[in-house]
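Please keep the 3D view open as you read.

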Amino acid sequence: MPQKPLTVLIKPAGPDCNLACTYCFYRDRVALYPDTARHRMSDETLRELVRKYMNYHEGTVPFAWQGGEPTLMGLDFYQRAVQYQQLYGRSGQSVSNSLQTNAILLDDPNWARFLHEYRFLVGVSIDGPEKVHDAFRVDPAGRGSHARVIAALETLLEHDVEVNILAMVQPMNVHRPAETYEYLLGLGVDFLQFIPLAERDPSGEGLADFTIDPADYGRFLCEIFDLWAAEKPRPAYVRMFDDALAVVMGHEHPTCMFAPQCGPYFVVEHNGDIYACDFFVEPRWKYGNIHDTQLHHIPRLELYQRFRDRKTAGLEDTRCADCPWWHLCHGGCPKYRVMLGDAAQPTYFCEAYRMFFEHAHEMLEEMARRLNARQEADARGIGPDDPCPCGSGLKYRDCCMP
């Protein structure tokens, strides 16, 4: 079975950012480029990246722009990126662009009009209400960013830009799951992603004091899952829950967090350096540079395969081996194991994941049964009075029919 093409995560401004979020994991990547005070992708590197990636990929070619803060590149950078995508695109190809951002520069209607015209998916980082968000997401002067983010979000929505929300689960919201969920949905965005906050202490000893407790995170997930499953306050897409539902329905893991292997994707830094993962932008996981590396060679690299295999390597000798949720978890992201000192051990969030899967699995299985039955009914033209495809013996109208 041929391997799917790798996807690219691009950091055109490297670790540079116009905020100074207390919990940011990427700021220390400045140390990789000590001779450069200001990190910006050159036009030469942008063009080479787009040319090689469009040539390497088939079908829909996904570009994911992240940071640091990618909007520091300015609107003209992305206008040129789109021009190069059009220049190097081949017959039968299309392009998708996504932009993960703190959004504070996007209150300009010119940005919004461009993002709408070229159908950029914009992921906006918001942790919750002002008091929650501003506890960590501050600018270099220590001022909160919440009001500026909301102003930009309103501009984006006014121009019909497709927006997702990425929220960090941190000490100020981990004990307020329902309040956080309802607040974020109340902003007018239906797609949410929650990321648990856990980092090593900068001293290298233990974990940072803002790292959340696994049991608290588990309770957070369970309470929001119940709201999501009951479609309150309205139907919403929550990435972790919908990914789990897809797997229970028999599909592959949609994202790398709980997949059997890491990737398949790679990171391109501002100068074209290629790394395995944005959590592991470090010399030992560097694959080369976009100017001297052919992308189709990356999957053949021994280093690439070693990085992918590390996802589950050694876990067969831990409690993961007998875990009933192994097929849904696969040890989670190696970041949350490496920060404990060794990737070959259960994840820091093991307790949280066990709590969540134990709590949610029956509901996920019921949802999967109904959704699979509806898909089969649509495919076979089954009517309301026909037997339900799920095999319950009931009429379709009395069972899985919406």
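## The aromatic cluster

One aromatic cluster is formed by Tyr217, Phe225, Trp228, Phe241, Phe258, Trp325, Tyr336, Tyr348, Phe349, Tyr353, Phe356 and Phe357. Rings of Phe, Tyr and Trp (its six-membered ring) pair here if their centres lie within 6.5 Å; planes under 30 degrees apart count as stacked, over 60 as edge-to-face and the rest as tilted. The structure holds 32 aromatic pairs. In one of them, the ring centres of Trp228 and Phe241 are 5.4 Å apart with planes at 55°, so this pair is tilted. Because Trp228 lies in helix H7 and Phe241 in helix H8 (residues 239–248), the pair ties together parts that are 13 residues apart in sequence. Another tilted aromatic pair joins Phe356 and Phe357, at 5.2 Å centre to centre and 55° between the planes.

Trp228 is buried at 7%, and Phe241 is buried at 1%. Phe356 has a relative accessible area of 0% and is buried, as is Phe357 at 3%.

## How the model is read

This is a predicted model, in which local features need pLDDT of at least 70 and side-chain atom pairs count only at pLDDT 80 or more, while totals for chains, interfaces and linings use all residues. Residues are numbered from 1 along each chain as its sequence is written, and side-chain values use heavy atoms, with hydrogens and water left out.

## Helix H7

Helices (H or I, at least four residues) and strands (E, at least two) are DSSP runs, numbered from the N terminus. Helix H7 covers residues 214–229, and its 16 residues should span 22 Å at 1.5 Å a residue; the end C-alpha atoms are 22 Å apart, which agrees. The expected span is 1.5 Å times one less than the number of residues.

H7 is mostly covered, with 13 of its 16 residues buried. Just after H7, Glu231 takes a positive phi of about 60°.

## Nonpolar cores

A nonpolar core is a set of buried Ala, Val, Leu, Ile, Met, Phe, Trp, Tyr and Cys residues joined through side-chain atoms within 4.5 Å. The largest has 120 residues, of which Trp65, Leu115, Tyr181, Phe194, Tyr217 and Trp228 touch the most other members. A second, separate core of seven residues includes Ala373, Cys388, Tyr396 and Cys399.

## The ten-stranded sheet

Ten strands form an open sheet with mixed pairing, in the order E7-E6-E5-E4-E3-E2-E1-E8-E9-E10. Its edge strands, E7 (237–238) and E10 (286–289), each pair on one side only. Two strands pair if DSSP finds at least two bridges between them.

Strand E3 (residues 94–101) pairs with strand E4 (residues 121–125) in the parallel sense over four bridges. Ser98 stands opposite Leu121 in E4.

## Cysteines

How many disulfides does a search of the whole structure find? It finds zero, a disulfide being a pair of cysteine sulfur atoms within 2.5 Å. For Cys24, the nearest cysteine sulfur is that of Cys21, 6.4 Å away. For Cys323, the nearest is that of Cys350, 6.2 Å away. Cys24 counts as partly exposed at 34% relative accessibility, whereas Cys323 counts as buried at 16%.

Terms used:
Buried means under 20% relative accessible area, exposed over 50%, partly exposed in between (1.4 Å probe, protein chains only).
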